[in-house]
Amino acid sequence: MKISFLKLNEQRWDDHRYYHHSRINQSLHLFSALSFLYAYYLLLVDPVAAALVAWLVSMTSRQMGHFFFEPKTYDEVNRATHEHKEEIKVGYNLKRKLVLLSIWMAIPIALWLLEPGADGLLRKAGQFWLYLGFGGLAFRTLQLFFIRDIQTGLTWLVKIVTDPIHDVLLYYKSPLYLLKGQLIDPMDDVKARQAT
């Protein structure tokens with residue numbers, strides 16, 4: 001089974017139009033994407049450091065954008081409720097993200113309770129976070145195999161792994177819009193596609 005570039009573009013498009021209206025969220029995604037690219041490099045030289053950067057910098061900034069800055073009101077552009085968008089989300093919606101982030105936060109707490117004051121606690125947590133990162137990708141991919149189909153799961157996996165590059169290309173201007181005072185993207189690209 002191979003990935004579908006048509007489905008990949010559809011998943012990327014849905015992700016952008018449904019979940020990235022806030023210019024703050026977009027700017028945080030740009031920062032997250034750049035730090036994820038650095039973490040990808042670190043995977044080759046120091047995987048634990050890669051996990052630390054990915055979870056402490058990339059994931060934290062990315063998820064702050066979704067949880068705190070992305071509007072949860074009715075989406076006028078796409079004519080969809082927040083609840084509907086959460087229901088149809090292919091990857092990790094806010095509820096699934098809460099579970100994943102709770103596990104992430106529980107790891108250093110559990111390590112500290114097992115070995116209070118132990119040296120290298122952060123690096124040990126980083127090791128577990130590395131496993132959590134790969135495990136989270138594998139779990140959702142396999143879950144999609146069963147609740148959707150294998151192609152959707154593989155396509156989502158490719159989307160997630162390549163999101164940092166795509167986000168840089170998509171959101172590199174977002175900080176400039178923020179500096180001009182534009183907090184919400186007017187989504188002209190979405191409106192143009194809907195008009196055709």
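Colleague: In which helix is the place of Phe145?
Modeller: This is a predicted model, so local features need pLDDT of at least 70 and side-chain atom pairs count only at pLDDT 80 or more, while totals for chains, interfaces and linings use all residues. Residues are numbered from 1 along each chain as its sequence is written, and side-chain values use heavy atoms, with hydrogens and water left out. Helices are DSSP runs of H or I with at least four residues, strands are runs of E with at least two, and both are numbered from the N terminus. By that numbering, Phe145 is in helix α6.

Colleague: Is Phe145 buried, partly exposed or exposed?
Modeller: Buried means under 20% relative accessible area, exposed means over 50%, and partly exposed is in between (1.4 Å probe, protein chains only). Phe145 has a relative accessible area of 22%, so it counts as partly exposed.

Colleague: Which residues does Phe145 touch, not counting residues up to four places away in sequence?
Modeller: Contact means heavy atoms within 4.5 Å. Arg62 is 83 residues from Phe145 along the chain, and their C-alpha atoms are separated by 26 Å. With residues up to four places away in sequence left out, Phe145 touches Ile150, Gly153 and Leu154.

Colleague: How far apart are the end C-alpha atoms of α6?
Modeller: The expected span of a helix is 1.5 Å times one less than its number of residues. Helix α6 (residues 121-147) has 27 residues, so it should span 39 Å. The model agrees with this, since the end C-alpha atoms are separated by 38 Å.

Colleague: Which helices do the buried residues of α6 pack against?
Modeller: The buried residues of α6 are Ala125, Gly126, Trp129, Leu130, Leu132, Gly136, Arg140, Thr141 and Leu144. In an α-helix there are 3.6 residues a turn, so residues three or four places apart point the same way. The buried residues of α6 pack against α2 (23-45), α3 (47-69), α5 (94-114) and α7 (150-171).

Colleague: How many aromatic pairs are there?
Modeller: Rings of Phe, Tyr and Trp (its six-membered ring) pair if their centres lie within 6.5 Å; planes under 30 degrees apart count as stacked, over 60 as edge-to-face and the rest as tilted. By this rule, the number of aromatic pairs is seven.

Colleague: In which helices do Trp55 and Trp104 lie?
Modeller: Trp55 and Trp104 form a stacked pair, at 6.0 Å centre to centre and with 20° between the planes. Trp55 counts as buried at 6% relative accessibility, and Trp104 is buried at 13%. The pair ties together parts 49 residues apart in sequence, because Trp55 lies in helix α3 and Trp104 in helix α5.

Colleague: Which residue forms one aromatic cluster with Trp55 and Trp104?
Modeller: One of the buried residues of α6 is a tryptophan, Trp129. The aromatic cluster formed with Trp55 and Trp104 takes in Trp129.

Colleague: Which charged residue lies over the face of Tyr19?
Modeller: A charge sits over a ring if NZ of Lys or CZ of Arg is within 6 Å of the ring centre and within 35 degrees of the ring normal. The charged end of Arg17 sits over the ring of Tyr18, 4.2 Å from its centre. Over the face of Tyr19, at 4.2 Å from the ring centre, lies Lys89.

Colleague: Which helix gives the most to the lining of the largest cavity?
Modeller: On a 1 Å grid over the protein atoms alone, a cavity is a set of points where a 1.4 Å probe fits but cannot get out, and a pocket is an open set with protein on both sides within 12 Å along at least five of seven lines; lining residues have an atom within 4 Å of a point. The largest cavity is lined by 14 residues, and Tyr19, His66, Glu70, His82 and Glu86 lie nearest its centre. Helices α1 (5-19), α4 (82-88) and α5 each supply at least two residues of this lining. The most, three residues, comes from α4.

Colleague: Where is Met187 found?
Modeller: Met187 has a positive phi of about 55° although it is not a glycine. Met187 is buried, with a relative accessible area of 0%. Its place is in the loop between α8 (174-179) and α9 (188-195).
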